[in-house]
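This report goes through a few local features of one structure, for a reader who has not seen it before. The sequence and the structure come first, and the notes follow.

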Amino acid sequence: ISSLFLYRTYTIEFKKTGYKPKVVPVFLKEADKESSLFISLDKALGSVVISSEPSDAIITLNEKIFEEHTPAEIKGLETGMEHHIIISKENYKNSLHAVTLNEDGEKSHIEAILEIDINAIPKASLDLFSDPSSCSVVINQKEIGKTPIYRFLLKPDQDFTISITCSDYHPYVQKIHSQPKRHFRINPTLK
C-alpha cells in the first residue's frame with residue numbers, strides 16, 4: 001500500500017472464508033515505511049439447533065451420528081461449508097437437510113416434522129382357512145375375500161373381529177388382538 005500518510009492510525013480488516021474477520025489498528029511512522037504485519041485468523045465456528053416432531057430422533061451430521069437426540073444444539077461447526085444432516089427415528093421416514101453456516105455466528109435452526117413410514121412398522125399377519133373353503137371373510141365389518149387367505153397384514157396393537165361365513169353354515173366369529181410380528185392362523189370347521 002503506497003498512498004498512506006505517515007503518523008496516522010489506520011484500521012485494516014482481514015477476511016478469509018471460513019475464518020472470523022479480524023480488525024487491526026496500525027499506526028504508521030517514518031520507520032514503518034517497509035514493514036510486515038503478521039496476524040492469525042481464528043476459524044469461524046457456528047452452531048445449528050435441531051428439533052423434531054416427534055422428539056428423541058437420531059441426528060447424523062456429515063455421516064457422524066451424535067449422542068444427543070432431538071432437540072439438540074450442535075456447536076463448533078465450520079462456517080462457509082455445507083453440512084448434511086439426517087434426522088431419523090424408528091418407524092419414521094428420514095428427514096434430510098443441508099445447511100451452510102454464516103460466519104456471523106448466528107445459529108441456524110432446523111425443525112423437522114417426521115412422517116410415519118407405514119412400511120417400516122412391524123405388522124402382524126394372518127392366514128385364514130375354513131372347512132368348507134371359499135367362505136367369505138370379514139374383518140372389522142370389511143369384506144376382504146374368500147378362504148383361503150394367506151399372509152393378510154394387520155396393523156399392530158389393535159383389536160380385530162374376524163367373521164367367516166358360508167351359506168348353509170353357522171358363521172364363525174373370533175376376536176384377536178394383533179401384536180407386531182405375530183402370525184395368526186385361523187382354520188375353523190363350520191357347522
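Helices (H or I, at least four residues) and strands (E, at least two) are DSSP runs, numbered from the N terminus.

## Basis of the model

This is a predicted model, in which local features need pLDDT of at least 70 and side-chain atom pairs count only at pLDDT 80 or more, while totals for chains, interfaces and linings use all residues. Residues are numbered from 1 along each chain as its sequence is written, and side-chain values use heavy atoms, with hydrogens and water left out.

## Cis peptide bonds

Glu53 is linked to Pro54 by a cis peptide bond, with omega near 0°. Pro54 belongs to the loop that runs between β3 (45-53) and β4 (58-61).

The peptide bond between Thr147 and Pro148 is also cis, and its omega is about 0°. Here the proline, Pro148, sits in the loop between β12 (142-146) and β13 (149-154).

## Positive phi angles

Strand β13 contains Arg151. Arg151 is not a glycine, yet its phi is positive, near 50°. For accessibility, buried means under 20% relative accessible area, exposed over 50%, and partly exposed in between (1.4 Å probe, protein chains only). Arg151 has a relative accessible area of 52% and is therefore exposed.

Asp168 is another residue other than glycine with a positive phi, in this case near 75°. Asp168 is located in the loop between β14 (159-165) and β15 (172-177). Its relative accessibility is 78%, so Asp168 counts as exposed.

## The disulfide

A disulfide is a covalent bond between the sulfur atoms of two cysteines. In the search, a disulfide is a pair of cysteine sulfur atoms within 2.5 Å.

The link of Cys135 and Cys166 is left-handed, with -100° about the S-S bond. Are these two cysteines buried or exposed? Cys135 has 0% relative accessibility and so counts as buried. Cys166, with a relative accessible area of 16%, is buried as well.
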